Amino acid sequence: MLDAKQHSFFRSMFTYGDKPVQVSKVDERTVKFTLPQVSAAFTGTLVQIYPIPQHVFAGEGDLEKSSKNDAPVGSGPFKFKEYRAGQYYALTRFDDYWNGKAKLDSVTYRFAKDSNAANLALQNGEINLKMVDPQDVNRLKNTGKFDFVVYPEGRLAYMTFNQNVPVMKSKALRQAIAYAINKDELTQTAFTSLDYAKPATSFLTPDTLYKTDDVEQYKFDLQKAKELLKTSGAPDNLKLRLAYVNTNKTQESMALYIQQALKGIGVNVELMPLDSNAMSQRSLDMNNTAWELNLGGYIMGSEPDGYKSLFMSNEAYNYAHYKNPQFDALWDKGAVETDAAKRADIYKQIQQTVANDMTYYPIAYTNATVAVDKRFGGTQEAEPKPVYLFQDLSKIYQK
C-alpha cells in the first residue's frame, strides 16, 4: 500500500506528511505498526484493510491491475471457485474455516444489469437473496415467498456539485440549488416511505464518530433560492446536467424530483442516466466536466478520518473537485488529535465547512432492505451488515 506505483486507495491513511507508517513482524500472528506521530484515527482505518497472500502476489508490478485478482484468496467460510465475467461469481464451502463449517455447500453471486430481470429471477426462485429497491418491496411482499431484513446501511445518498465546471464554482449558485429542494419531500418521493430512509443532516452518517446536526440545513425556501441565484452570476436560462446510475430506481426518482424542483427557480436540468461503469470511469477523471451535478452514495464506516479521501483537494475520489488548503489542514489535524473534545470540535468545523460552502448536498441516510427466500433461515445469526449484506454467511441454512 505504501508503494505509490501500486495505486492503493488507502495509501494516504498510512502516511503522515511524507512519512510512512513503519511495519514489522513480531511473531507468526502479530504485526507491529509504528507511526511517525500520534494518531487518533489509525486504529479505525485498519477495519478497511485485509491481508493478501505473499506467495500469490509477490513480484506483481501493479496489484490494482493484476490478473491474479480474478482468483482471490481470502480467509472466510467459503473459498473461490469460479468467475464468469458479467454472469456469476461462485464460492464453495471451506471446511477448515476457523469458526466452524458453513451450513451451505456453496454461494453464487449472480450479476444482473437490469433490476427488473433480477426481481423476476428472485420471484422464480433462480436467486434466493437480493437487496431490493423500496419501490419493489410491496410487490415482492404480495407473493408471500419472502422474508425481509431491514437495517441501517450506514449509507449517505448525496448530490455533488462538480466545480471543474466554471459555473459551479459559485457558492451562491450551489446554495440556491440547496434551498430550492424540499429534502423531506425528496426523501419521501425517492424511497417511497421514511421506513427506508431519513433526510440527512450532515455528510457524516449517524454511525460515524462526531457526527453533528449543528450545521446549516438549507430548509426549503424558494424566495431565498431565487435571490441567491440572481446574485450568483449564473446566466439566464441556466442549464445543468445531472448524472446518475441508470439502473438505480431511487436515483432515477431523485433526479426527476430535482429536475422539477429546480424548474421552480428557472434552472433547466438535463438528466444523464449512465451505466455504472461509465459513471465510475468519468467520476475518476480528475478533469471531468461531463456534468455539473451527479447523484451517488457511500458507506465509509465509523471513523471520520476515512472520509477524507472524498474531500481533500488532490484525492481521486473528490468528485466535487473542491480545493481548499485550510479545509485540508483540518482533516490532517483531526486525524492526529487525541483529545476527544478537541477532535469533536475539528470534525464539527469540517461538517460546517461542507455545509456552508455546499460542496456536497446530503440527501438521505438509507436503510438496506434484503428480500430472503423463506426456504432459508439464519439471517439474524449471520448479522446483517452494511456493504456485505451479511457478516457471516456460514450461519445461513436451507430449511
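Contact here means heavy atoms within 4.5 Å. With that in hand, welcome to a tour of a predicted model. Among the residues that Gln-163 touches, not counting residues up to four places away in sequence, are Met-168, Arg-174, His-321 and Tyr-322. The structure also holds 22 aromatic pairs, and its largest nonpolar core has 50 residues. The points below take these topics in turn.

- Gln-163 sits in the loop that runs between β9 and α5 (171-179).
- Its relative accessible area is 7%, so Gln-163 is buried.
- The rest of its contact list, again leaving out residues up to four places away in sequence, includes Lys-169, Ala-320 and Thr-359.

**Aromatic pairs and charges over rings**

- Among the 22 aromatic pairs, the one formed by Tyr-158 and Tyr-298 has ring centres 5.2 Å apart and planes at 35°, so this pair is tilted.
- Tyr-158 belongs to strand β9 (residues 146-161) and Tyr-298 to strand β13 (residues 293-299), so the pair ties together parts that are 140 residues apart in sequence.
- Both Tyr-158 and Tyr-298 are buried.
- Ring pairs link a cluster that includes these two tyrosines, along with Phe-203, Tyr-210, Tyr-307, Phe-311, Tyr-322, Phe-327, Trp-331, Tyr-347 and Tyr-360.
- Two lysines are worth a look if you care about charges over rings: Lys-141 lies over the face of Phe-148, at 5.9 Å from the ring centre, and Lys-183 lies over the face of Tyr-361, at 4.8 Å from the ring centre.

**Nonpolar cores**

- Within the largest nonpolar core, of 50 residues, those with the most contacts are Met-159, Ile-177, Ile-181, Leu-262, Leu-293, Leu-295 and Tyr-361.
- Leu-293, leaving aside its neighbours within four places in sequence, is in contact with Met-159, Thr-160, Phe-161, Met-168, Ile-177, Leu-240, Arg-241, Leu-242, Ala-243 and Leu-262.
- Another core, of 23 residues, lies apart from the largest one, and Tyr-158, Tyr-298, Leu-330 and Tyr-365 are among its members.

**Helix α8 and Ala-255**

- Helix α8 (residues 249-263) has 15 residues and spans 22 Å from its first C-alpha to its last, close to the 21 Å expected at 1.5 Å a residue.
- The buried residues of α8 include Lys-249, Thr-250, Gln-251, Met-254, Tyr-257, Ile-258 and Leu-262.
- Ala-255 also has its place in helix α8, and its relative accessible area is 0%, so Ala-255 is buried.
- Beyond its neighbours within four places in sequence, Ala-255 is in contact with Leu-242, Tyr-244, Leu-271 and Leu-295.
- The C-alpha atoms of Ala-255 and Val-23 are separated by 46 Å, and the two residues are 232 residues apart along the chain.

**Helix α3**

- At the start of α3, a side-chain oxygen of Asp-114 comes to within 3.2 Å of the backbone nitrogen of Asn-116.
- In helix α3 (residues 115-123), the buried residues are Ser-115, Ala-118, Asn-119, Ala-121, Leu-122 and Gln-123.
- The cover over these buried residues of α3 includes β8 (129-131), α4 (137-141), β9, α8 and β14 (360-373).
- Gly-125 follows α3, and its phi is positive, near 85°.

- Ser-309 is placed in the loop between β13 and α10 (325-336), and its relative accessible area of 0% makes it buried.
- From its side chain, Ser-309 reaches the backbone oxygen of Gly-306 at 3.5 Å.
- Leaving aside neighbours within four places in sequence, the contacts of Ser-309 are Phe-9, Met-300, Glu-315, Tyr-317 and Asn-318.
- Ala-335 is found in helix α10 and counts as buried at 4% relative accessibility.
- Among the contacts of Ala-335, leaving aside its neighbours within four places in sequence, are Ser-39, Asp-305, Arg-343 and Tyr-347.

- With a relative accessible area of 42%, Glu-383 is partly exposed.
- Leu-389, in strand β17 (residues 389-390), has a positive phi near 70° and is likewise a residue other than glycine.
- Buried means under 20% relative accessible area, so Leu-389, at 19%, counts as buried.

Notes. Residues are numbered from 1 along each chain as its sequence is written. This is a predicted model: local features need pLDDT of at least 70, side-chain atom pairs count only at pLDDT 80 or more; totals for chains, interfaces and linings use all residues. Side-chain values use heavy atoms; hydrogens and water are left out. Rings of Phe, Tyr and Trp (its six-membered ring) pair if their centres lie within 6.5 Å; planes under 30 degrees apart count as stacked, over 60 as edge-to-face and the rest as tilted. Helices (H or I, at least four residues) and strands (E, at least two) are DSSP runs, numbered from the N terminus. Buried means under 20% relative accessible area, exposed over 50%, partly exposed in between (1.4 Å probe, protein chains only). A charge sits over a ring if NZ of Lys or CZ of Arg is within 6 Å of the ring centre and within 35 degrees of the ring normal. A polar contact is a pair of N or O atoms within 3.5 Å; within protein, one must be able to donate a hydrogen and the other to accept it, and residues adjacent in sequence count only if both atoms are side-chain atoms. The expected span of a helix is 1.5 Å times one less than its number of residues. A nonpolar core is a set of buried Ala, Val, Leu, Ile, Met, Phe, Trp, Tyr and Cys residues joined through side-chain atoms within 4.5 Å.
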